[in-house]
Amino acid sequence: RGDVQLDGFLTWIAEGRTAGSDRLFSGLYIAWKGPRGVEADLYHFWRSFGDSGFVSEGGRRGPLGDRTTGVRLGVHTGRLDARGEVSLQRGRRAGNRVESWAAAAKLSAGLDAGGRLKATAEYLFASGDRDPADGAAGRFRCAASSPRASCAPSATTSRSGSGPAETFSS
């Protein structure tokens with residue numbers, strides 16, 4: 001039960017097909033609004049950028065091919081609003097493995113009957129790159145900077161498009 005919305009997109013920027021420099025960015029986004037203020041979003045984005053505009057940990061230039069998958073959950077009951085999100089990112093960046101994650105949690109409570117005064121606590125965290133020479137890119141990088149197609153974990157980003165989507169951007 002509830003309201004389900006499915007969005008998909010495909011963006012293909014043909015910058016030089018024979019040179020292998022096309023940029024492909026695609027994704028699927030499933031949003032569910034359930035009863036009693038419960039909502040859940042699932043998303044999967046993939047990028048394939050054939051140009052050499054990306055730099056590896058060792059300084060090599062090369063293409064990007066990665067996937068970002070995440071889930072966002074939220075509950076709104078009366079004066080309380082709780083949200084959480086987790087994203088995983090896998091792929092290759094200029095020859096390095098991409099293995100990263102990010103997560104966020106937010107809790108808000110209305111302090112007055114009109115809902116104008118709120119107390120909010122938010123915690124955002126993500127993987128970092130402990131060893132820049134190991135051939136694995138561990139720092140999470142946002143795949144999109146749009147609040148609607150966020151994929152950057154940010155408990156402040158919701159389907160309504162409020163809040164910063166580039167919380168973990170590079």
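**Strands, core and charge pairs in a predicted model**

Arg-36 is exposed, its relative accessible area being 75%. The model is a predicted one. Arg-36 sits in the loop that joins strand 2 and strand 3. Its phi is near 60°, a positive value in a residue other than glycine. Most residues other than glycine have a negative phi. Ala-94 also has a positive phi, of about 50°, and is not a glycine. Ala-94 belongs to the loop between strand 5 (80–93) and strand 6 (96–110). Ala-94 is buried, at 4% relative accessibility.

The chain has zero helices and eight strands. From the N terminus, the order of elements is β-β-β-β-β-β-β-β. Of the 170 residues in the chain, 37% are buried. Among contacts with a separation of 6 or more, 50% join residues 24 or more positions apart.

The largest nonpolar core holds nine residues: Phe-25, Tyr-29, Ala-31, Tyr-43, Phe-45, Phe-49, Phe-54, Leu-64 and Ala-143. Strand 2 (23–33) and strand 3 (38–55) are the elements that give two or more residues to this core. Strand 3 supplies the largest share, four residues. Leu-64, a member of the core, has contacts beyond its neighbours within four places in sequence. These partners are Arg-47, Ser-48, Phe-49, Phe-54, Arg-92 and Arg-93.

Aromatic pairs number eight. In one of them, Tyr-123 and Phe-125 have ring centres 4.8 Å apart and planes at 35°, so the pair is tilted. Tyr-123 is exposed, with a relative accessible area of 54%. Phe-125 is partly exposed, at 30% relative accessibility. Ring pairs also link Phe-9, Phe-25, Tyr-29, Tyr-43 and Phe-45 into a cluster. Of these, Phe-25, Tyr-29, Tyr-43 and Phe-45 are listed in the largest nonpolar core. A charge-over-ring arrangement involves Phe-49: Arg-47 lies over the face of this ring, 5.9 Å from its centre.

Salt bridges number six. Glu-39 and Arg-83 form one of them, with an N to O distance of 2.9 Å. Glu-39 is in strand 3 and Arg-83 in strand 5, so the bridge ties together parts 44 residues apart in sequence. Glu-39 is buried, with a relative accessible area of 15%. Arg-47, the residue placed over Phe-49, also forms a salt bridge, with Asp-66. The closest N and O atoms of that pair are 2.6 Å apart. Asp-66 lies in strand 4 (residues 61–77) and Arg-47 in strand 3, so named parts of the chain 19 residues apart are linked. Both Asp-66 and Arg-47 are buried.

A further bridge joins the side chains of Glu-85 and Arg-72, at 2.8 Å from N to O. This pair links distant parts of the chain, with Glu-85 in strand 5 and Arg-72 in strand 4, 13 residues apart. Glu-85 and Arg-72 are both buried. Salt bridges with shared partners join Glu-39, Asp-81 and Arg-83 into one network.

Technical notes:
Residues are numbered from 1 along each chain as its sequence is written. This is a predicted model: local features need pLDDT of at least 70, side-chain atom pairs count only at pLDDT 80 or more; totals for chains, interfaces and linings use all residues. Side-chain values use heavy atoms; hydrogens and water are left out. Rings of Phe, Tyr and Trp (its six-membered ring) pair if their centres lie within 6.5 Å; planes under 30 degrees apart count as stacked, over 60 as edge-to-face and the rest as tilted. Buried means under 20% relative accessible area, exposed over 50%, partly exposed in between (1.4 Å probe, protein chains only). A charge sits over a ring if NZ of Lys or CZ of Arg is within 6 Å of the ring centre and within 35 degrees of the ring normal. Contact means heavy atoms within 4.5 Å. A nonpolar core is a set of buried Ala, Val, Leu, Ile, Met, Phe, Trp, Tyr and Cys residues joined through side-chain atoms within 4.5 Å. A salt bridge is a side-chain nitrogen of Lys or Arg within 4 Å of a carboxyl oxygen of Asp or Glu.
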